[in-house]
Amino acid sequence: MKNVRDLLYIAMMATILIILGFIPAIPMGFIPVPIVLQNLGIMLAGALLGWKKGCLSILLFFLLGMFIPVFSGSTLFAVFAGPTAGYVVAWFFVPILINVILKIFKTSSFINNLIAILLGGVLFVDVMGAIYLSVYIHTPLLTSLLSNLVFIPGDTIKAIIASVVAYKFKDRLMVS
């Protein structure tokens with residue numbers, strides 16, 4: 001941590017994640033995993049804060065989730081006991097993946113942000129979530145992966161939003 005500003009960014013991102021959790025999840029009838037907006041905050045944490053501060057904001061969010069229901073009305077323990085655990089565990093790694101991909105590009109642009117967020121914040125989370133889901137509900141992995149296709153349109157919209165925000169505001173945050 002360089003200064004108080006870094007702590008503020010970490011706390012604000014954790015707050016955004018909590019606020020996004022207040023928006024009710026949309027249950028799907030054929031898969032026990034709902035559509036939530038919190039993964040938009042995870043994408044923003046990775047794209048805006050960098051991997052260290054992004055991961056710290058998610059850890060703070062997880063810590064708060066142990067005591068208060070910040071996961072769309074559930075606590076961390078309830079989430080880890082259910083079918084969404086794979087997705088939530090993957091969230092921690094999203095800032096790392098996004099920033100590794102962005103370092104490969106070496107230039108910041110909307111398209112580079114979008115590709116990094118789609119790969120690190122959508123594809124990775126959906127695959128990890130599907131792997132855990134297939135074990136949890138005892139279905140073939142291919143079935144779980146195919147059921148995750150329902151999330152792609154909404155996650156793509158979230159990735160576009162996160163890419164625009166990151167492209168417009170990352171320089172103002174002075175984050176590496």
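Trainee: Is Lys106 buried or exposed in this model?
Mentor: Bear in mind that the model is a predicted one. Lys106 sits in the loop between α4 and α5 (110-136). The cut-off for exposure is over 50% relative accessible area, and the value for Lys106 is 74%, so Lys106 is exposed.

Trainee: What is the phi of Lys106, given that this residue is not a glycine?
Mentor: Lys106 belongs to the loop that links α4 to α5. Its phi is positive although the residue is not a glycine, and the value is about 70°.

Trainee: Which value does phi take at His138, another residue that is not a glycine?
Mentor: His138 is placed in the loop between α5 and α6 (141-147), and its relative accessibility of 72% makes it count as exposed. The phi of this non-glycine residue is positive, near 55°.

Trainee: Where does Ala81 lie, and is it buried or exposed?
Mentor: Ala81 is part of the loop between α3 (76-80) and α4. With exposure set at over 50%, the relative accessible area of 54% means that Ala81 is exposed.

Trainee: How many Å apart in space are Ala81 and Pro24, C-alpha to C-alpha?
Mentor: In sequence, Ala81 and Pro24 are separated by 57 residues. In space, their C-alpha to C-alpha separation is 20 Å.

Trainee: How does the span of α2 between its end C-alpha atoms compare with that of a straight helix, and where is its kink centred?
Mentor: Helix α2 has 28 residues, for which a straight helix at 1.5 Å a residue would reach 40 Å, yet its end C-alpha atoms are only 13 Å apart. There is also a kink of about 130° in α2. The residue on which this kink is centred is Gly50.

Trainee: What is the relation between the directions of α2 and α4?
Mentor: The axes of α2 and helix α4 (residues 85-105) come within 8 Å and cross at roughly 105°. By class, the contact of these two helices has 16 nonpolar, six polar and no charged residues. Because angles of 65 to 115 degrees count as roughly perpendicular, the relation of α2 to α4 is roughly perpendicular.

Trainee: How many charged residues does the contact of α1 with α2 have?
Mentor: Helix α1 (residues 4-22) packs against α2 at about 80°, their axes being 8 Å apart, and this angle makes α1 roughly perpendicular to α2. Sorted by class, their contact has 19 nonpolar and four polar residues, and the number of charged residues is two.

Trainee: Into which accessibility class does Val89 fall?
Mentor: Val89 is found in helix α4, and its C-alpha is 22 Å from that of Pro153, a residue 64 places away in sequence. Its relative accessibility is 39%, so Val89 counts as partly exposed.

Key: Residues numbered from 1 in each chain as written. Predicted model: local features only at pLDDT ≥ 70, side-chain atom pairs only at ≥ 80, totals over all residues. Heavy atoms only, no water. Helix = DSSP H or I, 4+ residues; strand = E, 2+ residues; numbered from the N terminus. Expected span 1.5 Å × (residues − 1). Bend = angle between axes of the 7 residues up to and from the residue. Axes fitted to C-alpha atoms, helices over the stretch in contact; angles between N-to-C directions. Parallel < 35°, antiparallel > 145°, perpendicular 65-115°, else oblique. Nonpolar A, V, L, I, M, F, W, Y, C, P; charged D, E, K, R; others polar. Buried < 20%, exposed > 50% of the residue type's maximum accessible area, 1.4 Å probe, protein only.
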